[in-house]
Amino acid sequence: MNVRNDIGMALYRGAEARAIDAAAVAGGLPAFTLMQRAGAAAFASLRRHWPQAHRIGIACGSGNNGGDGYVLARLLQADGCQVRVFALTAARTHEAQRAAAQWEEAGGRIEPIDVETEFGSFDLLVDAIFGIGLARAPEGLAARVIGAINASDAPVLALDLPSGLDADSGAAPGACVRATRTLSFIAAKRGLFTGIAREVGGLVEVASLEVPAAAFDTCEPSAYLCRAELLPHWLRPRSRVAHKGDHGQVLAVGGDHGYAGAIHLCAEAALRSGAGLVRVATRAEQVAVLVGSRPEAMPAAVEDADALRLQAKGADVIALGPGLGQERWGREMFEAALALDRALVLDADALNLLAQAPRALNDAVLTPHPGEAARLLGTTVAGVEADRFAAAQALAQRYAASVVLKGAGSIVAAPGHVAVVIDAGNPGMASGGMGDVLTGVIAALRAQGLAGFDAACAGALLHGAAGDAAAREGGERGLLASDLFPFLRRLANPA
């Protein structure tokens, strides 16, 4: 499999995966050999993860994904399993027809699927219906079969891609198989790692099928998958003679009346992520609260643009938005901060204010959730979630900024960069204050010298990994934003 170690695992669109497959065949690797290898890889995965499974049902489509299923069926039967193969329609491609014939020659039956077919009597089900061969919502019988698979209590292994999932966007526009595990062939499909795919794809593995590396030269990856083990790429050990001035100064701006907590979380996250100095520009009423709860942060009462400009002297980065509000004070702080020649990290109400007066930004990182992204793009949340990659890229282009589109499988995009998918984070992080923490983390990494895109990637990864570590210690339900602080410090110092 094609991997760039400094960024992560290469991810591809469906068309790119097909091009790699075609290049391998053109280079002398027979298509049927690839199908046999896919079936063998599926057999190995199935036996590795479900060694006790004996009664196995396989739903096959008419294309090569179905052919992979026929090869798997023959191998399972030879291993002593009770295998039933169900076909939506007859095999259509030459390779699938050959695999189906070999299955029947081995004594197997191909049973037609009808509206009465149920899948309740199996130890395991295999989805070999569409793979990447479908780019629209399943209809008619196919949709009903997917519903029957999902109604079963049996675990499901999806071959290449859960049927009904879009390989490019990660959206499921209609019925979609809910897999326990997905085995992706040759190359990882980018749609498996963001949005609803995080739910329906289950645990994802990739089988390279021993495709020659030269076959990957036909196309560039369309994204990279970034995991926690890559943090040392950005978070290098510090000099033994370092002082606080070497690690940058963050000015966190926010905390209008009643919103002290948001700016506190942002400021402490910046401190825990290694910023040398953190100042807080906030309302006068918040100063005593911040001094009492986190004395290392340096709050100041800032009531107008002139006072903000004074506080910004010496700041390398401005974190703008947590608790900012959209009233007079918040709007004045927003405009004053954008007028300063500083790197910016924008979240929360700073994004809402930006949506009301869109403009290109200089050296900024935006961190919207889907609702904020929809406002920034003038669309709907459903429109954003229908193609998270396209939405992230559109935001980056419209605002000339690096963007972290938050959610399951956060996407980082920026003009001139290949998108990065963050493979970290968990449902426990869907709670108030998590975005404020992320803003502080990214601002701290920017202050320590990372460029905008790198700070966005490393910050989103550090934030997600800290959330995962906190969840492992105490569980997902009830996870608080402040629970991430000790893990931020730990993970920001990789061995």
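1. The lining of the largest pocket comprises 18 nonpolar, 15 polar and nine charged residues. The structure is a predicted model, and the pocket in question has a volume of about 1,100 Å³. Its lining is made up of 42 residues, and those nearest the centre of the pocket are Gly 407, Ala 408, Ala 424, Gly 425 and Asn 426.

2. Several elements contribute to the lining of the largest pocket. At least two residues each are supplied by helix 6 (197-200), strand 10 (203-207), helix 16 (434-447) and helix 17.

3. The second largest pocket has a volume of about 680 Å³. It is lined by 30 residues, with Asp 21, Asn 64, Asn 65, Ile 132 and Asp 160 closest to its centre. Helix 1 (14-26), helix 2 (31-49) and helix 3 (64-78) each give two or more residues to this lining. Sorted by class, the lining of the second largest pocket holds 15 nonpolar, nine polar and six charged residues.

4. The interior may be considered next. In soluble globular proteins, nonpolar side chains tend to be buried together. In this model the largest nonpolar core has 107 residues, and Ile 58 and Val 211 are the members that touch the most others. The element that gives the most to this core is helix 17 (residues 452-474), with 12 residues. Helix 17 is also among the elements that supply at least two residues to the lining of the largest pocket.

5. A separate, second core contains 62 residues, including Ala 197, Val 253, Ala 305 and Leu 320.

6. With neighbours within four places in sequence set aside, the residues in contact with Ile 58 are Gly 69, Leu 72, Ala 73, Leu 76, Val 83, Arg 84, Val 85, Phe 86, Val 126 and Ala 128.

7. Beyond its neighbours within four places in sequence, Pro 299 is in contact with Val 280, Val 287, Leu 290 and Val 291.

Methods. Residues numbered from 1 in each chain as written. Predicted model: local features only at pLDDT ≥ 70, side-chain atom pairs only at ≥ 80, totals over all residues. Heavy atoms only, no water. Core = buried A, V, L, I, M, F, W, Y, C linked by side-chain atoms within 4.5 Å. Buried < 20%, exposed > 50% of the residue type's maximum accessible area, 1.4 Å probe, protein only. Helix = DSSP H or I, 4+ residues; strand = E, 2+ residues; numbered from the N terminus. Contact = heavy atoms within 4.5 Å. 1 Å grid on protein atoms, 1.4 Å probe; cavity = no way out; pocket = protein on both sides within 12 Å on 5 of 7 lines; lining within 4 Å. Points joined across faces, edges and corners; volume = space filled by probe spheres on them. Nonpolar A, V, L, I, M, F, W, Y, C, P; charged D, E, K, R; others polar.
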